[in-house]
2 protein chains.
Amino acid sequence: IESGALFQVRRALNALHPAEIADMLEAAPHGQRELIWELVEQENEGEVLIELSEDMRHSLVEEMDAGEILNAIKDLDYDDMADFLQSLPDEIIQQTLDGMDRQDRERVEAVLAYDENTAGGIMDTETVTVRADVTLDVVFRYLRHQHELPTHTDNLIVVSRYDQYLGILPLVDLLTSQPDLTVGAVMSTDLPGIPADMPARNVARLFEDHNLVSAPVVDGSGKLLGRVTIDDVVDIIREEAEHSVMSMAGLDDEEDLFAPIISSSRRRAIWLGTNLITALLAAMVISRFEGTLEAKVALAFLMGVIPSMGGVAGTQTLTLVIRGLALGQLGQSNTRSLFFKELAVSLINGILWGAAIFFVAWFFMQDAGIGVVIGIAMVINLLAAAVSGVYLPIIMRKLNIDPALAGGVVLTTVTDVVGFAAVLWLATLLLPLFQ
Amino acid sequence: IESGALFQVRRALNALHPAEIADMLEAAPHGQRELIWELVEQENEGEVLIELSEDMRHSLVEEMDAGEILNAIKDLDYDDMADFLQSLPDEIIQQTLDGMDRQDRERVEAVLAYDENTAGGIMDTETVTVRADVTLDVVFRYLRHQHELPTHTDNLIVVSRYDQYLGILPLVDLLTSQPDLTVGAVMSTDLPGIPADMPARNVARLFEDHNLVSAPVVDGSGKLLGRVTIDDVVDIIREEAEHSVMSMAGLDDEEDLFAPIISSSRRRAIWLGTNLITALLAAMVISRFEGTLEAKVALAFLMGVIPSMGGVAGTQTLTLVIRGLALGQLGQSNTRSLFFKELAVSLINGILWGAAIFFVAWFFMQDAGIGVVIGIAMVINLLAAAVSGVYLPIIMRKLNIDPALAGGVVLTTVTDVVGFAAVLWLATLLLPLFQ
């Protein structure tokens with residue numbers, strides 16, 4: 001009975017789409033995961049592995065040998081195969097490649113030769129090409145002899161005898177033109193071949209701006225290498241977006257909901273340790289003003305408000321600037337305008353909330369001195385937040401540091417230090433006047 | 001000479017892709033914007049407007065009357081038209097609709113009838129349909145008489161005489177099959193019609209999971225209404241991702257790099273005001289321990305470290321959970337497992353960094369008492385961070401509050417209050433033992 005029920009479960013599971021099985025695996029806590037993976041049929045393993053986050057894929061592949069890996073991935077597209085292999089240890093890559101037939105191996109190696117974040121690294125090497133001098137009628141007859149075309153074939157690629165890329169023949173144009181015309185007369189030459197070394201994020205923008213479904217990839221001499229398809233572009237857009245969200249919290253893109261406790265703890269420890277050091281920097285600043293604090297302990301109640309407000313205002317500017325940089329909207333010509341706009345926004349909010357906190361201190365603590373000190377510190381810190389929010393990510397970009405990852409930590413360090421220093425320095429300077 | 005140069009600029013500008021003109025407009029500060037917009041030729045205005053962020057689109061459309069709007073949008077796809085109209089005042093929508101011919105108006109109204117965040121709201125009503133009982137040869141002849149097919153036509157939609165959706169005929173299958181077969185024999189029935197009220201984010205997941213380029217949309221009775229295409233899905237994925245990043249910083253999705261200073265200040269003031277209130281809550285907690293602080297001012301140096309660490313740890317858990325919820329990976333069955341995993345991660349990091357801060361206090365301040373207090377508070381606050389990071393977004397979801405928007409504020413309020421309270425309460429309790 002047990003095995004009968006198991007049979008049913010196995011059948012139900014494998015009737016799902018591989019992406020759905022992957023979702024299920026990622027949602028399953030340890031223990032259940034291994035059980036579900038056991039139930040996935042071999043013919044689905046490759047598709048499921050491709051859909052998993054890198055972390056999870058690793059933990060499953062670790063248990064497989066080269067033969068099992070080869071079996072799992074043998075029906076994948078070449079770009080997916082390459083993507084998959086790229087994340088394995090070199091030894092396993094070599095063993096798996098050795099197990100492939102010559103054509104497969106050459107095609108996968110063509111993709112593996114490019115960085116995985118370029119057009120070459122995400123291209124599929126299976127293309128349907130035609131010559132410019134044949135008639136559409138010949139194309140129709142040729143296609144009718146094919147059993148199947150690669151997925152996302154929305155156009156045929158027109159090449160010369162030497163495989164030079166000439167243009168594309170969209171299937172819709174093929175279908176709506178007279179069959180006695182030549183391919184050369186109908187093809188579109190508007191779309192230039194994508195250079196294999198174009199960064200993947202630029203490829204994604206090209207697809208978005210020009211509403212493409214697939215586009216040819218060429219080498220430096222214009223020779224056709226393969227094509228990029230929209231499904232890979234969607235993955236890139238999704239990953240790029242996730243990267244921002246995860247990085248800003250100091251998480252790894254591929255961090256998985258049920259990653260092992262030890263590896264999760266280790267990764268997060270790095271971020272927490274970094275934050276501890278920056279927090280100790282702020283503590284050092286405060287400790288320099290021990291005398292001021294002893295004279296007026298009530299300062300300790302309210303002083304934390306200032307770095308907190310600076311952090312929030314700075315993060316807003318930072319987020320806007322990081323997005324502007326990612327979308328290519330921000331360059332040398334308009335940084336200054338943005339800076340003055342952000343400064344003005346901070347000044348207005350600084351005065352507004354500075355006044356608010358002044359009244360809070362005055363009414364509730366009956367202490368106009370603390371109110372004045374903390375109100376002015378608010379304006380100073382929000383201005384510091386605007387300056388760092390605009391310029392930190394721009395400087396980091398120039399130094400090749402990812403602003404989405406490091407921007408937040410550095411920014412809050414600035415607003416913490418400036419915030420505490422402003423409150424306590426102003427207090428040392430001004431409070432004696434109120435006594 | 002002036003007008004000759006202007007002519008050159010205008011020509012260069014209008015030779016760009018509408019999406020590139022839109023990028024240029026968004027990157028331009030006020031003043032320059034209006035100038036560039038003046039130079040955009042009328043036939044490009046519609047495409048450019050569609051590519052702009054909502055904020056900017058509004059400010060440009062405000063200056064146009066219904067006639068100009070109609071002229072600008074008359075060549076857009078129906079879904080883009082509807083999307084565009086949806087964001088205008090009712091009066092202008094009616095005037096614009098009145099200016100359209102009957103077919104256009106009916107098609108736009110069909111899309112306008114659905115919420116813009118559903119399949120119906122993003123569908124295009126232009127479809128190419130065929131009957132199941134005709135042969136492929138007839139289909140070929142029919143297509144040859146069309147001048148053009150709608151963009152992203154990767155399949156023809158097979159419908160009954162009463163417009164009931166039956167299946168799709170992919171162009172690649174049409175091309176690779178024998179022409180004497182019927183449509184019914186070749187069509188694929190694997191893809192069910194998408195209900196018009198399916199939320200857009202589910203449509204996006206469907207497209208991603210099944211690698212679709214276009215898919216038919218049907219009403220409750222299975223009648224074909226239109227089709228969703230991949231370009232709209234890509235927009236949704238991009239918007240969804242931006243929403244998380246922008247919301248977590250308390251920014252509006254459509255916030256524009258060069259929004260007017262006054263409206264920017266007002267929007268951000270709301271977020272800063274909210275933060276001020278939560279910061280004052282923490283201040284109130286601290287003020288309850290005035291006596292403890294007076295007895296040991298050095299506590300004020302280090303106590304800020306604890307809420308800061310809690311905020312960072314909590315944000316990490318929160319981000320992970322928000323993503324898990326958005327991807328549908330987190331449900332009732334696995335929340336408990338996730339909770340215990342996050343608790344364990346927090347415990348490990350709490351002990352690690354609690355010990356670190358104990359040594360800092362001991363070595364640098366020669367104060368083992370403060371070290372013990374602050375070390376234990378670290379463990380307590382990181383545990384509180386794990387609890388709130390896991391359960392706050394889940395509770396907010398249930399209350400229909402967007403956790404990406406409100407999660408961060410509520411979480412840091414919890415970690416601030418718990419953090420300060422833990423330090424000061426433990427100090428009141430334990431410090432007398434060290435004297």
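Buried means under 20% relative accessible area, exposed means over 50%, and partly exposed lies in between (1.4 Å probe, protein chains only). By that rule His152(B), with a relative accessible area of 11%, is buried.

This is a predicted model, in which local features need pLDDT of at least 70, side-chain atom pairs count only at pLDDT 80 or more, and totals for chains, interfaces and linings use all residues. Residues are numbered from 1 along each chain as its sequence is written, chains are lettered from A and ligands numbered from 1 in the order in which they are written, and side-chain values use heavy atoms, with hydrogens and water left out.

**Chain A as a whole**

Chain A is divided into domain 1 (2-113), domain 2 (129-248) and domain 3 (261-434). These bounds come from an automatic or database domain assignment. The centres of domain 1 and domain 3 of chain A, taken over C-alpha atoms, are 47 Å apart.

Chain A has 22 helices and 6 strands. Helices (H or I, at least four residues) and strands (E, at least two) are DSSP runs, numbered from the N terminus.

The C-alpha trace of chain A spans about 95 × 65 × 35 Å along its principal axes. Its radius of gyration is 30 Å, whereas a compact globule of 435 residues would have one near 22 Å. That radius is taken over C-alpha atoms, and the globule rule is 2.2 Å times the number of residues to the power 0.38.

Of the 435 residues of chain A, 56% count as buried. Contact means heavy atoms within 4.5 Å. Among contacts in chain A between residues at least 6 apart in sequence, 66% join residues at least 24 apart.

Chain A carries 27 positive and 62 negative side chains. Lys and Arg count as positive and Asp and Glu as negative; His and the chain ends are not counted. The centres of the two sets lie 6 Å apart. Each charge is placed at NZ of Lys, CZ of Arg, CG of Asp or CD of Glu.

**A residue in helix 20 of chain A**

Leu347(A) sits in helix 20 (residues 332-365) of chain A. Leu347(A) is partly exposed because its relative accessible area is 38%. Leaving aside neighbours within four places in sequence, Leu347(A) is in contact with Val379(A) and Leu383(A). Leu382(A) is 35 residues away along the chain, yet the C-alpha atoms of Leu347(A) and Leu382(A) are separated by 7.1 Å.

**Residues of chain B**

Most residues other than glycine have a negative phi. His152(B) has a positive phi, near 60 degrees. His152(B) lies in the loop between helix 11 (136-144) and strand 2 (155-159) of chain B. Phi of Asn400(B) is positive too, near 60 degrees. Asn400(B) is placed in the loop between helix 21 (368-398) and helix 22 (403-430) of chain B.

Ser388(B) belongs to helix 21 of chain B. Not counting residues up to four places away in sequence, Ser388(B) touches Pro393(B), Leu411(B) and Val414(B). Ala12(B) lies in helix 1 (residues 2-14) of chain B.

| Residue | Relative accessibility | Class |
|---|---|---|
| Ala12(B) | 48% | partly exposed |
| Asn400(B) | 74% | exposed |
| Ser388(B) | 7% | buried |

Two C-alpha separations complete the picture. Ala12(B) and Gly220(B), 208 residues apart along the chain, are separated by 49 Å. For Ser388(B) and Leu405(B), 17 residues apart along the chain, the separation is 15 Å.
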